[in-house]
Amino acid sequence: MGTGRGGTRGDVPHADGNTSDDASRPQLRRVLSTRLLYFFILGDVLGAGVYVLVGQVAAASGGAVWVPLLTALLLALLTAASYAELATKYPRAGGASHYATLAFGPAAGFVAGFCMLAAGIVSVAALARGFAGDYLSAFVTLPVALVAVVFLAVLALVNARGVKESTRANVVATLIEVGGLAVIVALGVWLLLRGDGDPGRLTELGTAEKGTAAAVLSGSVLAYYSFVGFETSVNVAEETRDPRRSYPRALFGALATAGAVYVLVGAAASAAVPTEVLARSSGPLLEVVHAAGGVPPLLFSAVALVAVANGALLTGIMASRLAYGMARDGLLPSVLTRLLPRRRTPWAAITATTVPALLLALTGSVAALAATLVLLLLVVFLLVNTAVLVLRRREGAPGHFRVPAALPVLGAASCVLLATQVEAEVWLRTAVVLGVAGVLAVVPAVRRRRAGRATGTGRDGEWRRPPPA
């Protein structure tokens with residue numbers, strides 16, 4: 001069998017995309033059940049963003065916040081279907097980077113991985129600063145730098161202890177997050193029952209600047225960000241007991257749950273609070289609490305802190321596993337593949353992703369890059385959707401999940417559509433990141449080509465018998 005493009009040094013891949021050399025390397029421990037994976041994905045999707053998202057979507061689309069939220073869910077499901085096929089076909093850490101490497105070569109794999117790493121590291125840094133901000137100030141005032149250092153250090157230690165322990169902590173945190181959002185839904189219903197809400201706002205779409213269709217699309221771009229997070233779960237597919245069975249169930253179940261929660265929260269907030277009030281507020285769900293009464297506002301500060309910490313933990317897991325997978329594919333230094341002897345967790349990758357996140361959190365430069373996260377992820381999603389079609393010609397793990405070809409095509413089109421709604425300034429910053437990724441991608445590509453010549457592989461990665469001496 002010829003080697004896939006993801007192999008290095010002429011290694012022969014197995015059906016699941018692993019090379020013969022992989023079989024002799026230390027492997028991550030398979031400990032995640034369907035239930036733990038479901039909560040992992042749900043906890044990552046139901047992140048801190050929902051607590052500020054509703055107001056932004058209301059400002060962009062009007063009172064019917066649930067419409068762009070539902071639209072964003074449907075668009076996210078298209079790309080999620082592609083991830084479900086690839087994660088079960090090639091259940092390895094590395095995610096989008098690994099898939100792009102197999103489909104398009106190491107340069108594309110590096111760009112995909114670099115974009116994901118950049119997005120993940122910036123996200124963790126932003127969440128660290130968010131944890132040290134107003135929500136924590138409701139309880140105690142501490143220097144942002146001190147909180148960020150302690151927060152990220154604890155995060156790294158929990159990550160290094162093991163993915164099973166981390167995901168168990170995520171189950172508790174996710175239940176708290178969902179409970180807080182359920183309270184918002186209940187308060188919205190209570191406001192309507194006592195006559196203080198306005199159900200008519202649930203059908204109001206459009207703003208003074210935009211018509212109905214444009215407003216829905218604009219709001220959907222913001223809402224789409226609330227559903228990203230599911231892509232991080234592919235990086236723990238290798239640590240899932242039965243990824244072919246568990247991953248699709250956990251993925252689609254978690255997205256459906258998150259979508260239902262978001263739509264209900266959006267409807268409750270919209271009916272309970274005037275649209276202009278939601279649009280002006282940086283804590284729109286607190287506006288529902290204030291309007292309804294009876295629930296201490298501090299409760300939602302505590303829930304928000306749990307949401308921020310949980311989102312940072314799961315994103316940190318993703319970033320470290322992605323760095324580990326890229327290093328194993330030869331796209332990053334091999335030192336990042338080192339595991340703790342007993343825990344079998346990638347301590348070197350955890351350290352390598354925590355340090356830059358800490359630097360960003362301390363310098364406060366996260367704001368300049370935060371707006372590029374959505375566009376970076378759209379670039380990654382475009383590569384993933386097209387990779388599904390390219391890799392249809394190759395074998396993978398037997399019995400893997402398979403989606404109709406129309407879904408990845410529509411998923412790729414949705415990425416292009418949403419990207420056209422991103423502002424020019426964000427495009428410029430993202431172009432810089434992509435330029436750096438492109439330059440850095442040359443290094444592993446050249447290294448792999450040289451390795452192929454030394455071991456008898458051709459430029460296309462197919463095994464060639466060395467010529468006789």
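Biologist: Where is the place of Ser281?
Modeller: In this predicted model, Ser281 sits in the loop between α12 (275–280) and α13 (284–292).

Biologist: Is Ser281 buried or exposed?
Modeller: Ser281 is buried, because its relative accessible area is 15% and the cut-off for buried is under 20%.

Biologist: How many residues apart in sequence are Ser281 and Gly55, and what is the C-alpha to C-alpha figure?
Modeller: They are 226 residues apart in sequence, and their C-alpha atoms are 6.3 Å apart in space.

Biologist: What share of the contacts in the chain with a separation of 6 or more comes from residues 24 or more positions apart?
Modeller: Such residues account for 83% of those contacts.

Biologist: And the chain as a whole: how many helices and strands?
Modeller: The chain has 19 helices and 0 strands. Of its 469 residues, 55% are buried.

Biologist: Let us turn to helix packing. At what angle do α4 and α11 pack?
Modeller: The angle is about 170 degrees, with the axes 10 Å apart. That makes α4 roughly antiparallel to α11, because angles over 145 degrees fall in that class.

Biologist: Which residues make the contact?
Modeller: On the α4 side they include Trp66, Leu69, Leu70, Leu73 and Leu77, and on the α11 side they include Tyr247, Leu251, Phe252 and Leu255. By class, the contact of α4 with α11 has 19 nonpolar, 3 polar and 1 charged residues.

Biologist: What about α4 and α10: how do their axes cross?
Modeller: Helix α4 (residues 66–89) and helix α10 (residues 212–227) have axes that come within 7 Å and cross at roughly 60 degrees. The two helices are therefore oblique to each other, and their crossing is right-handed.

Biologist: Which residues make that contact?
Modeller: Among them are Val67, Pro68, Leu69, Thr71 and Ala72 of α4, together with Val216, Gly219, Ser220 and Ala223 of α10. By class, the contact of α4 with α10 has 11 nonpolar, 5 polar and no charged residues.

Biologist: One more pair, α6 and α8. What is the angle there?
Modeller: Helix α6 (residues 106–131) and helix α8 (residues 144–161) pack at an angle of about 125 degrees, and their axes are 8 Å apart. That makes α6 oblique to α8. The crossing of α6 and α8 is right-handed.

Biologist: Which residues are involved?
Modeller: Helix α6 contributes Val124, Leu127, Ala128, Arg129 and Phe131, while α8 contributes Val144, Val147, Phe151, Leu152 and Leu155. By class, this contact of α6 with α8 has 9 nonpolar, no polar and 1 charged residues.

Biologist: What does Thr315 touch, beyond residues up to four places away in sequence?
Modeller: Thr315 touches Asp44, Gly120, Ser123 and Val124. Val124 also belongs to the contact of α6 with α8.

Biologist: Where is Thr315 found, and what does its side chain reach?
Modeller: Thr315 is found in helix α14 (residues 297–328). Its side chain reaches the backbone oxygen of Gly311 at 2.8 Å. Thr315 is buried, with a relative accessible area of 8%.

Biologist: Now Asn385. With which side chain does its own side chain make a polar contact?
Modeller: The partner is the side chain of Ser82, at 2.7 Å. Asn385 lies in helix α17 (residues 373–390) and is buried, with a relative accessible area of 0%.

Biologist: What else is Asn385 in contact with, leaving aside its neighbours within four places in sequence?
Modeller: Besides Ser82, Asn385 is in contact with Leu78, Thr79, Pro408, Gly411, Ala412 and Cys415.

Biologist: And Ser233, buried or exposed?
Modeller: Ser233 is buried, with a relative accessible area of 0%. Ser233 is found in the loop between α10 and α11 (243–272).

Biologist: What does Ser233 touch, not counting residues up to four places away in sequence?
Modeller: Ser233 touches Leu37, Phe40, Ile41 and Tyr247. Ser233 and Tyr247 are 14 residues apart in sequence, with 8.7 Å between their C-alpha atoms.

Biologist: Last topic, the backbone. What is the phi of Arg344?
Modeller: Arg344 has a positive phi of about 60 degrees, although it is not a glycine. Most residues other than glycine have a negative phi.

Biologist: Where is Arg344 found?
Modeller: Arg344 is in the loop between α14 and α15 (347–363). Arg344 is partly exposed, with a relative accessible area of 27%.

Note on methods. Residues are numbered from 1 along each chain as its sequence is written. This is a predicted model: local features need pLDDT of at least 70, side-chain atom pairs count only at pLDDT 80 or more; totals for chains, interfaces and linings use all residues. Side-chain values use heavy atoms; hydrogens and water are left out. Helices (H or I, at least four residues) and strands (E, at least two) are DSSP runs, numbered from the N terminus. Buried means under 20% relative accessible area, exposed over 50%, partly exposed in between (1.4 Å probe, protein chains only). A polar contact is a pair of N or O atoms within 3.5 Å; within protein, one must be able to donate a hydrogen and the other to accept it, and residues adjacent in sequence count only if both atoms are side-chain atoms. Contact means heavy atoms within 4.5 Å. Axes are lines fitted to C-alpha atoms, for helices over the stretch in contact, and angles run from 0 to 180 degrees between N-to-C directions. Angles under 35 degrees count as roughly parallel, over 145 as roughly antiparallel, 65 to 115 as roughly perpendicular and the rest as oblique. A crossing is left-handed if the near helix is turned anticlockwise from the far one by less than a right angle, and right-handed if clockwise. Ala, Val, Leu, Ile, Met, Phe, Trp, Tyr, Cys and Pro count as nonpolar, Asp, Glu, Lys and Arg as charged, and the others, Gly among them, as polar.
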